[in-house]
Amino acid sequence: LCQELQESYNTIRPPKALRKKRGTCSWLCITSYQLIYSMITTSFALSILPEEAERLNTADTSLWLAAYVMICGATPLICPLAGLMSDRLSSTMGRRRPVMLLASLFSAAGFVSLYFCSRYERPHPFLMSLAFTETALNVAYAAHAALPADLRAPEVTDVENPGDTASADAGLISGIMALHSFMGAVCAVCVLDLAKGFPLYTFYQFYGGAVVVICILVSCVAKEEPSSNLQLPSAGEIVAAYTMDHARDMDFFWVCYGRLLFYTSQSVIVFMSYFIRDMFQVTSEKDVISKLSTLVLIGQLLGAVVAVPSSRLSDHVGCKPAVYVSCVVQCITFLTFILAPKLGWTAMLLGASFYGLGSGSYMSVDYALALKCLPSNKDRAQSFGLWGIAGFIGSCLGPLVTGGVLWLFPGPDSTSLHAPQFQYKGYAFGLLLAGSLPALAVIPATKQIIRKV
């Protein structure tokens, strides 16, 4: 009984080493894995994987690209299991850092394999190397997502609801995580532009080294307490890592559900290259990429600018107002895109600005919402694994719905390379159905959260 009471006390009031308040620079370093993770995923999606699909395969390049994208989309499913193993790890370095360091070494080995497969044009080994590398990156991501939650400085904890913690650092951490996400995307676009003319496989050398360096930096700054709770999970516990107790953890469920809806809305942006081509009659692929890069940079830079101020404001007014404002702005974003073919290219630039403001406002409190609503019957890394999967499902639903709508409205001569491939009605319905409506649906989902967030 005494041991159980001591464990409960440590859960409510962590050891002194973990309760000290950290500065902004410290949190910037601790959360920096989000920067390289965002950089890799953005560059893979925008350029590297499409180019590799064409370069390594002489036929069926679209099918190969679909296979690459499916691998990148499916590997985040490892996160709850990786989180469960991290929660149970026994180490003098703590629970998160050993997993991050080991996974970074595996991902570096994966990047080395991708380098040789790309250089010597081996399509099937490239596919397997991509799966290995993405799995290792997501294992490190699962451990890293729980690290700020372990190290934060709690102010008040509700004993009856241990997951209900008002953290002095929650808003700052969430804002910095969002800042890393946006700046990672900006850095990816800049690196892709600066590296024009270099062989494609040189990217793998850079990313392999960068992941290891970042994980070492995180491990040096984040000082964890030694852990001694090694216990291999049972099959039932593994299944439980992928499920949620709705009766006890409804707040966390609504956080994940709202995240799924918002990422559904956000992911519609992947069709912007088609939209620019068809609605603005841009026939040159180079011009399409140039215009798309302009929109991406505007959106990501504005998102980075508002992320930290929004998170600090949420510390005073709460997270919910930021979610409501961001969802309304996100809805206006897609309505602006719908009207842009009638109003001109300036409307597209305005829509990209709205997109950055809306995304920045939401992502500034995205992590804080999850942090304040963590389930009381799950360890942190498992919970953040489910939170990550919610975003993954949303990122898949958006393109799926929009692509289905566009398929119903083919262009008048979709076989011609210079004719519009899809009708305006298809884009309008797709942006409305998968863009604006899910963004608005986040508002009633967030209102269901009972805890004071």
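Which residues are linked in a network of salt bridges? In this predicted model, the network joins Asp 87, Arg 95, Arg 96 and Asp 150. The legends below start with an overview and then take up this network and other sites.

**Figure 1. Overview of the predicted protein chain.** The protein chain contains 18 helices and four strands. Of its 453 residues, 53% count as buried. Among contacts in the protein chain with a separation of 6 or more, 82% are between residues 24 or more positions apart. The chain exposes about 20100 Å², and 66% of that area is supplied by carbon and sulfur atoms. The count of salt bridges comes to 10, while the search of the whole structure for disulfides finds zero.

**Figure 2. The salt-bridge network that includes Arg 95 and Asp 150.** The side chains of Arg 95 and Asp 150 meet in a salt bridge, with an N to O distance of 3.6 Å. This pair links distant parts of the chain, 55 residues apart: Arg 95 is in the loop between β1 (90-91) and α7 (97-119), and Asp 150 is in helix α8 (residues 123-151). Arg 95 and Asp 150 are both buried. Asp 87 and Arg 96 also belong to the network.

**Figure 3. The salt bridge between Asp 366 and Arg 259.** The closest N and O atoms of Asp 366 and Arg 259 are 2.9 Å apart.

**Figure 4. The salt bridge between Arg 277 and Asp 278.** In this pair the closest N and O atoms are 2.7 Å apart.

**Figure 5. The nonpolar surface patch formed by residues of α15 and α18.** The patch covers about 530 Å². Its residues are Val 328, Ile 332, Leu 335, Leu 432, Leu 433, Leu 437 and Leu 440. Helices α15 (319-343) and α18 (424-447) each supply at least two residues of the patch, and the largest share, four residues, comes from α18. Leu 437 is placed in helix α18; with 43% relative accessibility, Leu 437 counts as partly exposed. Ile 332 is placed in helix α15 and is also partly exposed, with a relative accessible area of 35%. The C-alpha atoms of Ile 332 and Tyr 355 are 8.6 Å apart in space, and these two residues are separated by 23 residues in sequence.

Figure 6. Is Ser 326 buried or exposed? Ser 326 has a relative accessible area of 0%, so this residue counts as buried. The side chain of Ser 326 reaches the backbone oxygen of Val 323 at 2.8 Å. With neighbours within four places in sequence left aside, Ser 326 is in contact with Phe 262, Gly 358, Ser 361 and Tyr 362.

**Figure 7. Cysteine sulfurs around Cys 29 and Cys 331.** Cys 29 is partly exposed, with a relative accessible area of 24%. For Cys 331, the closest cysteine sulfur is in Cys 327 at 9.4 Å, and this distance is also too far for a bond. Cys 331 counts as buried, at 10% relative accessibility. The search of the whole structure finds zero disulfides.

How values were computed: Residues are numbered from 1 along each chain as its sequence is written. This is a predicted model: local features need pLDDT of at least 70, side-chain atom pairs count only at pLDDT 80 or more; totals for chains, interfaces and linings use all residues. Side-chain values use heavy atoms; hydrogens and water are left out. Patches are made of residues with over 30% relative accessible area and no salt bridge: like charges are joined within 9 Å, nonpolar side chains (Val, Leu, Ile, Met, Phe, Trp, Tyr) within 5 Å. Accessible areas come from the Shrake-Rupley method with a 1.4 Å probe; for residues, only the protein chains shown count as cover. A salt bridge is a side-chain nitrogen of Lys or Arg within 4 Å of a carboxyl oxygen of Asp or Glu. Buried means under 20% relative accessible area, exposed over 50%, partly exposed in between (1.4 Å probe, protein chains only). A disulfide is a pair of cysteine sulfur atoms within 2.5 Å. Contact means heavy atoms within 4.5 Å. A polar contact is a pair of N or O atoms within 3.5 Å; within protein, one must be able to donate a hydrogen and the other to accept it, and residues adjacent in sequence count only if both atoms are side-chain atoms.
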